[in-house]
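Work through the exercises below with the sequence and the 3D view open. Try each task before reading its solution.

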Amino acid sequence: MWAILSGIEGNLAAYEAVLADIKRQRVTVEELYILGDLVAAKPESEKVIKRIQNPLSGELQPQVCVGWWEEQCFALHGLGSLAEPTELIARYGKQTAKLLWDSVSRETVQWLRGLHFGFFELDCLLIHGSSVSVSDELTPQTPPWQMLDRLQRVQANSLFCGRSGQVFECQLQSASIATSVVTLDNKQPVQTVTTLQKRVVGVGNVGREAGKATYTLYNPKSARLDFKTVFYGCQKGFGS
Amino acid sequence: MKIAVMSCIHGNYEALNEVLIDIDRHSAEKIYCVGDLVGYGPYPNEVVKLIRSLDIPTAQGCWDEDIVEGLNACECSYPSLLAEKRGKLAHEWTNKEVHPEVRQYLAQLPHTLKENNLCFVHGSPNSNHEYLLPEMDAFAALERVLASNADVLFCGHTHIPYVRTLDSAQLQVKVHQPQNKEERSISFNAPLKRIINVGSVGEPRHGRPNATYVVYDTETEEVILREVEYDYKKTCQAIIDRGLPPIFAWRLARGLEFAEKADDPTHVCER
Amino acid sequence: MIIAVAGSLGAGKSQWIRQQIAQIDNQPIGYFSPQTDSVPIDTIFLQSEYPQLQIYQTGQEVELIKSQIDGTTTYIEIPWYLNLSEIEPLLATLNCHRVGICSEDGNNSELRKWADEIVLGAATISYLKMSLDIYRGILTGEILDYDSLATFWLELIQGAYGEVIRAKAIFDLADGQSYHGNFISGKTKLNFKALNLPPWLKDRPDRFSGFEIVGKNLDKQEIARTVRDCCISSEAIAYYQQQMKNSLENRTEVEVL
């Protein structure tokens, strides 16, 4: 069984609650994936990183990839593909940019730089946004053609993502299209192309909403999904 | 109404001239251009001047963008080291040649042109570096047309013209969200869509040195892929006379393009 | 026994020797190609196919003669650009069997006079030796980018750098392998074959790579420039080699499972 989570967003209590819930599962969890957004413009971000870096004995070593907030850190520190944190400022304002700068140390940013862009395991892509970028937000409302495109870019049958923070499973069942191509020298007859079952899974969000964390359990053998919601006590004086 | 659409002139003045004469013969009422006016060929300024004097609506190509912004094409958009080195030589040469007003003109070109149910882009609606190759997965191709919000998507960039028809697309989706007890089944259908790649005026890649472009009738929806002969030897001579690498002339004369295409059709530069 | 093999450009000397070697079982075999020491393309190609092959270099003629005592069959491949009279002093001391690979259409009178045995080889276009350029380059230590090489080679054989009649080469490519390329005008197409040599996984390869191009009006400067543009930087070499190591390690893991 795999546990897949995303969006801790600097919320240590939420992360602890999810870890505890994973331990309570009857089936053994063999892999723990964290699909980005470990940090956010929250003072506890550093603590979350330390906790991820140093699992307790008996705990799994999480497999971590970068998320949208990490990408904003890279931009702030001039280490990323973006020259300026324009997306961050446009979305949350300069105040948040300053807070993010204060919340995540340069040393941590360097560590985050070493993370993967995503994971490809079996026929599954595990990634924060999509095969296009960390900012690409897939939701149940995303046009299905677009979802299919994101899957086909990397030849995956399942795509697990966390940007939207929503929990959902979108099964693309049957798809077909008739296509033909005419070139200067050639006329190819109409072909009907179909595609096998594919799906996009929103794995939820751990830390954004105080007191309530969501994550996903996945059995790669049976391809069964189990969405989990964890309610936990909100410590006073922190975050929201 | 008949329209003519062309792309990838790449500073080949002779080819552009001949294509404009051919467009006249087909009595197209309007001409569109989907970019790459400059790069590789010997007459970037003259080509831009002619396009401007005829007021041809033009979308920005990757070469136009790079001349304005500095060489930004990521390495991965070149198919090989050799192509990259040649591309850089061509870029440096063009960068030195183009007049300031030409650069200014290229800078203000839009990424996309829209006219009713027609959309015009250089590469794809995502990026002017993305190649829409004819063998691209049909669903991915459809996604590009749908993203453009048009029925017909005109593009260039690959230098080989084609018309791709995407019809009777169907998709069944089942959505499950824990907060809704029931699963929702939704059916999606897309009506007939087309991708029309207009080829290349100045840098053909279909194995012959001739220029290619497209005539499209907006009423009958008829597409004509045009292949136009021109005096390519003049352009070849100018390439050598003006100090561009002689191999460009050799490749142009064989319809081999100058630097070959990238092989990953879905690759998008992340820089 | 010593067998001297001569023939015109592209007649099939190496090809014939390969066929002979393939038929010999459990016997020592030697090979010597005079005046090719700096660009030993055929030698390396044969050696990669027959690792037990004993190779002689210029200056090892005495060893070559001695080896006859233990029953070695040694092939001497005489390059087409060498005059038969030039090599005669050596051949005369060796008491060898002389095989002439003749082309159907060419003027073979000199060869027929010289040879003890005539083998009908491939048809060749006859050229006056004098009118041909030979351009050789040594690339040892360089690793080329495959797609760049494919482009260059296609341009080369289609005449972008002058008329090419014959081109042969050994290139080290980014996948760690050595590749043999062979082109004869009018006969072969783009054709590269990985040699049966161990992959080079660390730093720049310390083994021969290079090319020999025969043709007319060759633009040597442009050829050199283009080949240089196909070469991968040291950083890129390190990157590719790391990737290869990683994939080799992963493969081992799978095997253990």
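**Exercise 1. Domains of chain C**

Which domains does the domain assignment of chain C give?

Solution. The model is a predicted one.
Step 1: the assignment divides chain C into domain 1 (2-120) and domain 2 (129-243).
Step 2: look at the contacts, where 11 residues of domain 1 of chain C meet 18 residues of domain 2 of chain C.
Step 3: sort the domain 1 side of chain C by class, which gives seven nonpolar, three polar and one charged residues.

**Exercise 2. Which chains touch**

Find the pair of chains that shares the most contacts, of the two pairs in contact.

Solution. Step 1: rule out the pair without contact. Chains A and C do not touch, and their nearest C-alpha atoms are 14 Å apart.
Step 1: for chains B and C, 11 residues of chain C are in contact with nine residues of chain B.
Step 2: for chains A and B, 34 residues of chain B are in contact with 32 residues of chain A.
Step 3: of the two pairs in contact, chains A and B share the most contacts.

**Exercise 3. The side of chain B that touches chain A**

Describe the side of chain B that touches chain A by element and by residue class.

Solution. Step 1: the elements of chain B that give two or more residues are helix 6 (138-147), strand 6 (162-176) and strand 10 (223-228).
Step 1: strand 6 of chain B gives the most, with 15 residues.
Step 2: by class, this side of chain B has 18 nonpolar, eight polar and eight charged residues.
Step 3: follow strand 6 of chain B across to chain A. Strand 7 (residues 167-183) of chain A is joined to strand 6 of chain B by 12 bridges, and the two strands run antiparallel.
Step 4: to locate one position in this pairing, find A:Ser176, which stands opposite B:Gln170.

**Exercise 4. The side of chain C that touches chain B**

Which element of chain C gives the largest share of the side that touches chain B?

Solution. Step 1: two elements of chain C give two or more residues to this side, helix 6 (146-157) and helix 7 (220-229).
Step 1: helix 6 of chain C has the largest share, five residues.
Step 2: the residues on this side of chain C are four nonpolar, three polar and four charged.

**Exercise 5. A hairpin in chain B**

How do strand 3 and strand 4 of chain B run, and how many bridges join them?

Solution. Step 1: strand 3 (residues 112-115) and strand 4 (residues 118-121) of chain B run antiparallel and are joined by four bridges.
Step 1: within this pair, B:Leu113 stands opposite B:Phe120.
Step 2: the hairpin has two residues between the strands, and B:Asn116 takes a positive phi near 50°.

**Exercise 6. One residue of chain C**

Is C:Lys202 buried or exposed?

Solution. C:Lys202 is in the loop between strand 10 (192-194) and strand 11 (210-216) of chain C.
Step 1: count its surroundings. There are 12 other C-beta atoms within 10 Å of C:Lys202.
Step 2: apply the cut-off, by which a residue with 12 or fewer is exposed. C:Lys202 is therefore exposed.
Step 3: C:Gln242 is 40 residues from C:Lys202 in sequence, and their C-alpha atoms are 8.7 Å apart in space.

Note on methods
Residues numbered from 1 in each chain as written. Chains lettered and ligands numbered in written order. Predicted model: local features only at pLDDT ≥ 70, side-chain atom pairs only at ≥ 80, totals over all residues. Contact = placed C-beta atoms within 7 Å. Nonpolar A, V, L, I, M, F, W, Y, C, P; charged D, E, K, R; others polar. Pairing = 2+ DSSP bridges. Domains from an automatic or database assignment. Buried ≥ 20, exposed ≤ 12 C-beta atoms within 10 Å, placed from the backbone.
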